[in-house]
Amino acid sequence: MSAFSGFTQEDFDVFTIDGLDQRMDAIKSIVRPKLELLGQHFAPLLSVSCENEMFYHVAKHARRTVNPPVDTWVAWAADKRGYKKHPHFQIGLWGTHVFVWYAVIYEAPAKTEISKAMKEQLDEMMTLVPNHFHWSPDHTQPSSTSSQELGKEGVLKLVNRLGDVKKAELLCGITIDRNDPVLTDGNAFLQHLEETFAVLTKLYNLSNTSATIASR
């Protein structure tokens, strides 16, 4: 397997290319090979940490017919066929930053159980997640809010919404500005992500183990 060399400005600039076909060609040739490498690199680590085989899925954007993608990603889930219906992990890019998420998105049928498990262990969750980590209620938007800014009450609102609102989502992780030098150093970037996943896999296990028990 080739070594991961990091991300460059060229990777982020693909999102300025006009036209669906032209942008997709650039994503396929420039960004997707790097996402494939990340998928291969982290699948074994995530499988061990989650005590379940984790399969990686690189976004294909197959349903798009007019509007070009504004972000792209690789996701890992305990399902070879897909990730959207499961709690999963993502690494991806917007034009402005890299994101690394533990994600429960609207397609996940276990959202209510996960919300309940998170509520029951909110104090432990808040201790587990560092203040500089970010939370988001919508994977289709680039914005997110730090754990420090949200506080316990803000996180609780996101957790409650996950269980109460049909289309609700919850994402937790980090964002890295496109100009951060760590992105261009492949080894430093991988080390940073390993440290991030050390937190996110604990969050995954805390919410999903309890949710599985609760749903039995």
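**Figure 1. Lys34 counts as buried, at 15% relative accessibility.** Buried means a relative accessible area under 20%, exposed means over 50%, and partly exposed lies in between (1.4 Å probe, protein chains only). Lys34 is found in helix H2, which spans residues 20-50. Helices (DSSP runs of H or I, at least four residues) and strands (runs of E, at least two) are numbered from the N terminus. Lys34 touches Phe4, Ser5, Gly6, Phe7, Thr8 and Asp11, leaving aside residues up to four places away in sequence. Touching, or contact, means heavy atoms within 4.5 Å. This is a predicted model, in which local features need pLDDT of at least 70 and side-chain atom pairs count only at pLDDT 80 or more, while totals for chains, interfaces and linings use all residues. Residues are numbered from 1 along each chain as its sequence is written, and side-chain values use heavy atoms, with hydrogens and water left out.

**Figure 2. Seven strands form an open sheet.** Read across the sheet, the order is E1-E2-E3-E4-E7-E5-E6, and the pairing is antiparallel. Two strands pair if DSSP finds at least two bridges between them. The edge strands are E1 and E6 (145-146), and each pairs on one side only. Helix H2 packs on this sheet, where it touches E1, E2 and E3. The direction of H2 makes about 25° with that of E2. Axes are lines fitted to C-alpha atoms, for helices over the stretch in contact, and angles run from 0 to 180 degrees between N-to-C directions.

**Figure 3. Strands E1, E2, E3 and E4 are joined by bridges.** How many bridges pair E1 with E2? Four, in the antiparallel sense. Here Val58 stands opposite Val74 in E2. E2 and E3 also pair in the antiparallel sense, over six bridges. Thr72 has Leu93 of E3 as its bridge partner. Six bridges then join E3 to E4, which run antiparallel. Across this pair, Ile91 stands opposite Val100 in E4. A hairpin links E3 to E4 through two residues.

**Figure 4. Strand E3 is largely enclosed by the rest of the structure, because seven of its seven residues are buried.** In a regular strand, side chains alternate between the two faces of the sheet. Which residues of E3 point one way, and which the other way? His88, Gln90, Gly92 and Trp94 point one way. Phe89, Ile91 and Leu93 point the other way. All of these residues are buried.

**Figure 5. One cavity of 30 Å³ or more lies in the structure.** A probe the size of a water molecule, rolled over the atoms, shows where empty space is left. On a 1 Å grid over the protein atoms alone, a cavity is a set of points where a 1.4 Å probe fits but cannot get out; a pocket is an open set with protein on both sides within 12 Å along at least five of seven lines; lining residues have an atom within 4 Å of a point. Grid points are joined across faces, edges and corners, and a volume is the space filled by probe spheres set on the points. The largest cavity has a volume of about 50 Å³. Its lining is made of Asp71, Gln90, Trp94, Phe99, Trp101, Ser136, Asp138, His139, Gln141 and Leu171. The elements that give two or more residues to this lining are E3 (88-94) and E4 (97-104). By class, the lining has four nonpolar, four polar and two charged residues. Ala, Val, Leu, Ile, Met, Phe, Trp, Tyr, Cys and Pro count as nonpolar; Asp, Glu, Lys and Arg count as charged; the others, Gly among them, count as polar.

**Figure 6. The largest pocket holds about 610 Å³ of space.** This pocket is lined by 19 residues. Which of them lie nearest its centre? They are His61, Arg63, Trp73, Tyr83 and Lys84. E1 (55-58) and E2 (71-77) each supply at least two residues of the lining. The lining divides into nine nonpolar, four polar and six charged residues.

**Figure 7. Glu51 has a positive phi of about 55°, although it is not a glycine, and so does His61.** Glu51 sits in the loop between H2 and E1. His61 sits in the loop between E1 and E2. Is Glu51 buried or exposed? Glu51 is exposed, with a relative accessible area of 74%. His61 is buried, at 14%.

**Figure 8. Gln148 lies in helix H5 (residues 147-164).** Gln148 is exposed, with a relative accessible area of 61%. Gln148 and Phe133 are 15 residues apart in sequence. In space they are 8.1 Å apart, C-alpha to C-alpha.
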